[in-house]
Structures are given as C-alpha cells and as structure tokens.
Amino acid sequence: MTTQVEAWVNGQGICFSKDLLKTSGIHLDDYLDVKVVNGNIVLSKVSDIRRLKNVLRNMEESPTLMRRCCGESRLKN
C-alpha cells in the first residue's frame, strides 16, 4: 500500500485503508506505539495492560485527575 503524508489541522497525518487496519487488528481508538527503526516508522498496537499502566501512572502524577476519576472521598481512605 502506498499513501501520502497530508496536512491535518496542526500537524501531518496518514490515512490507512479499512482493510489494512482490519488485517493488522487495529481498531478505531486503539493506541499505537510509534518508533523509528533504521529510518523507518514502525507502528505497534499497545496492549490493554500497557495502556492501563500508562493511565494509572498519569493519574498518580495528577491529583486533580485522581479526584475527577475516583472522587474526593476515595482519596482520603
């Protein structure tokens, strides 16, 4: 598949066909790990557990986010 980098709002983006995403097991709203390996961009689907760990780490770093997600009373116990 060949695609073109295009301007999108405040950055650049690439469109992938539905067939390519289906074949790769990637769905809308999935998180992807992006790396550059030997000058090539490599995308890998992030597992649910890695995504959860990232969310929890961000919540630990932000007391405001913790309050919003968990409620004030849960933080005091």
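**Reading the labels on this model**

Visitor: Where does D29 sit?
Guide: D29 lies in the loop between helix 1 and strand 3. Keep in mind that this is a predicted model.

Visitor: Why does D29 count as exposed?
Guide: Exposed requires over 50% relative accessible area. D29 comes out at 73%. The value clears the cut-off, so D29 is exposed.

Visitor: What makes the phi of D29 stand out?
Guide: Most residues other than glycine have a negative phi. D29 is not a glycine, yet its phi is positive, about 75 degrees. V9 is another case: its phi is positive, about 45 degrees, and it is not a glycine either.

Visitor: Where is V9, and how do you know whether it is buried or exposed?
Guide: V9 is in the loop between strand 1 (6-8) and strand 2 (11-13). Its relative accessibility is 86%. The cut-off for exposed is over 50%, so V9 counts as exposed.

Visitor: What makes D30 and K45 a salt bridge?
Guide: The rule asks for a Lys or Arg side-chain nitrogen within 4 Å of an Asp or Glu carboxyl oxygen. Between D30 and K45 the N to O distance is 3.3 Å. That is within the limit, so the pair qualifies. The bridge links distant parts of the chain, 15 residues apart. D30 is in the loop between helix 1 (18-24) and strand 3, while K45 belongs to strand 4.

Visitor: What lines the largest pocket?
Guide: Its lining includes D29 and D30, along with I14, F16, L28 and V34. Strand 3 (32-37) and strand 4 (40-45) each give at least two lining residues. By class, the lining has 9 nonpolar, 1 polar and 2 charged residues. The pocket holds about 370 Å³ of space.

Visitor: Where is confidence highest, and where is it lowest?
Guide: Helix 1 is highest, with a mean pLDDT of 93. Helix 4 (residues 72-76) is lowest, at 51. The protein averages 80, and 71% of its residues reach 70 or more. Where pLDDT is low, the predicted coordinates should not be read in detail.

Technical notes: Residues numbered from 1 in each chain as written. Heavy atoms only, no water. 1 Å grid on protein atoms, 1.4 Å probe; cavity = no way out; pocket = protein on both sides within 12 Å on 5 of 7 lines; lining within 4 Å. Points joined across faces, edges and corners; volume = space filled by probe spheres on them. Helix = DSSP H or I, 4+ residues; strand = E, 2+ residues; numbered from the N terminus. Nonpolar A, V, L, I, M, F, W, Y, C, P; charged D, E, K, R; others polar. pLDDT = per-residue confidence, 0-100. Buried < 20%, exposed > 50% of the residue type's maximum accessible area, 1.4 Å probe, protein only.
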